[in-house]
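Here are my notes on this model. Please read them with the coordinates open.

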Amino acid sequence: MRRHLFSLFLSAGILAVMLAPLVMLLLLPFQGEGGAILPGLDGRRFLLLGRSLLVAGAAAGGATLIGLPLALAVAWRPGWLLACLLPFFFPPYLQAMLWPRFFDLAGLPHNAIPPLATGIAIFTLSYAPIVMLLAASGLRQFPREEREAGLLARPPAAVFLRILMPGLLPNLAAGFLLAFVFTLTNFEVPDLLGFKVYPVEIFIAVSAYYDETGAALLALPLVAVTLSLILLQARLMAGRAYLLFPAQPAPVHAKRPVVWPVVLYLLLAIGPPLFAILASGQTGAQWRQAWAVGLAPLVFSLAAALAGGLLTTLAALPLAYYAQRHRQNVLGRFVDAACQVPLALPPLLIGLGTTRLANHAPFVWLYDSTACYLLAVTVAHLPFAVKILASRLTSIPQAAVEAARLARSETATFWRIILPPLRPALAIATLTVFALALANLSLPLLTLPPGRETLPLKLYNYLHYGAQEMVSSMGLMLVLAGASAAIVLALPFRRKGRSRWPAARRHD
């Protein structure tokens, strides 16, 4: 009983700290600190919100249409699956910076492809791996016996449509909703490409008018929509793992290599921005200048992203464990749902809520320090780490855990039975948050103190100065640094995993 109360209070304390910036943001319009400079949801902004919903729906639909074939091609091929994650190192705002340059180099006029269509294409290609991961996880978790029984009487296509697809629909719907929310809350791509959507209005209220109350008021209808969708996808994925930790053999119809969807997707997703970087024609002096200017922000970005990844994983571990351990009761389901709330807020608003929190005791020590930025990183990326850890916890056989609890204490069971097979998931969670934090542009805009900046923030500033060559050079630095750091950080776990993972797989 005491251990249960300790676990509950620890989870509640972490959740209170993580959700405090969001509460500060939502309470801002009602704190009486002055009226908003900008009007509320007038007719023009109502139309912008509708336009944002249409853009998000188009991008999420495209991401689903691309993600499903990718999942069918790579679900049982980890190497190709990792290849499909390469676009994560080209964040949407970087693609929005480089695609116009690609059009120039390809000899296309600027009005040949409307900015809105370009933005939808960028969102579609950027978020297709999310749908792919969820769909591939659903394919891997589908009962092998049902699949093989169907193949005895039906061709693979009929088995997929009549047996696999109905069980896969919740994963596809959850992937669609996540892609929808991520598109709906993104302001960077529309701002860089020059088309208006609702999140751009929130960004203008913060950056141009310094109207935090107005931004919070504008955010309320957007948050109401996104929070509803996030809770809906959580309900759809209840009891389902988000990642591929359960290791099942490939079905008979999946043994033939089908790589052309992967190759085509990678050509579309990273081909144009990579071509724009490599074909920009920078001289050696320009490369050296970009390195000299971007080295300090790059080092700071790597260090802060690594610290954010470790902090986020550390905070996510007790939350994921409690939610999984008590998933059958109300408190466990509440913790699981509360951990996903940050997905519903744009990172810009999370940054705004964190700075507001830093203006109040006992968090004033966060103000004008990197700790404010690290807290924002942890809050924004906590849902990813929690779901990665929960997916691995789901695959650990409960019979072995319950048998250990009969002979050992709860603490000994956690350290000796649960933690060893959980180590690969801890590494994946840290690497995931590291990659996302390294490429994040919105959070440092509001949370970093003067004199400190990340490489994405440096990129953003140089783009507004019109220094396209510097943008291309530092964009390549960001991509190479992120990919190289992820490989270096993963190598020790990969070597150790060769001896540990087979034992973990035998439990699946």
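1. pLDDT is the predictor's confidence in each residue, from 0 to 100. This is a predicted model, in which local features need pLDDT of at least 70 and side-chain atom pairs count only at pLDDT 80 or more, while totals for chains, interfaces and linings use all residues. Residues are numbered from 1 along each chain as its sequence is written, and side-chain values use heavy atoms, leaving out hydrogens and water.

2. Mean pLDDT for the protein is 82. Of its residues, 86% reach 70 or more.

3. Treat residues 497-508 with care: pLDDT stays under 50 there. For this stretch the model has 13 contacts (heavy atoms within 4.5 Å) beyond four places in sequence. Where pLDDT is low, the predicted coordinates should not be read in detail.

4. Look at helix 5 (residues 115-141) and helix 11 (residues 260-278). Helices are DSSP runs of H or I, at least four residues, numbered from the N terminus. The two axes, lines fitted to C-alpha atoms over the stretch in contact, come within 9 Å and cross at roughly 135 degrees. Angles run from 0 to 180 degrees between N-to-C directions.

5. Which residues meet? L125, A128 and P129 in helix 5 meet Y265, L268 and A269 in helix 11.

6. T413 lies in helix 17 (residues 410-439). T413 counts as buried because its relative accessibility is 0%; the cut-off is under 20% relative accessible area, with a 1.4 Å probe and protein chains only. Beyond four places in sequence, its contacts include V401 and R405. The C-alpha atoms of T413 and V401 are separated by 7.1 Å.

Definitions and conventions: Helix = DSSP H or I, 4+ residues; strand = E, 2+ residues; numbered from the N terminus. Buried < 20%, exposed > 50% of the residue type's maximum accessible area, 1.4 Å probe, protein only.
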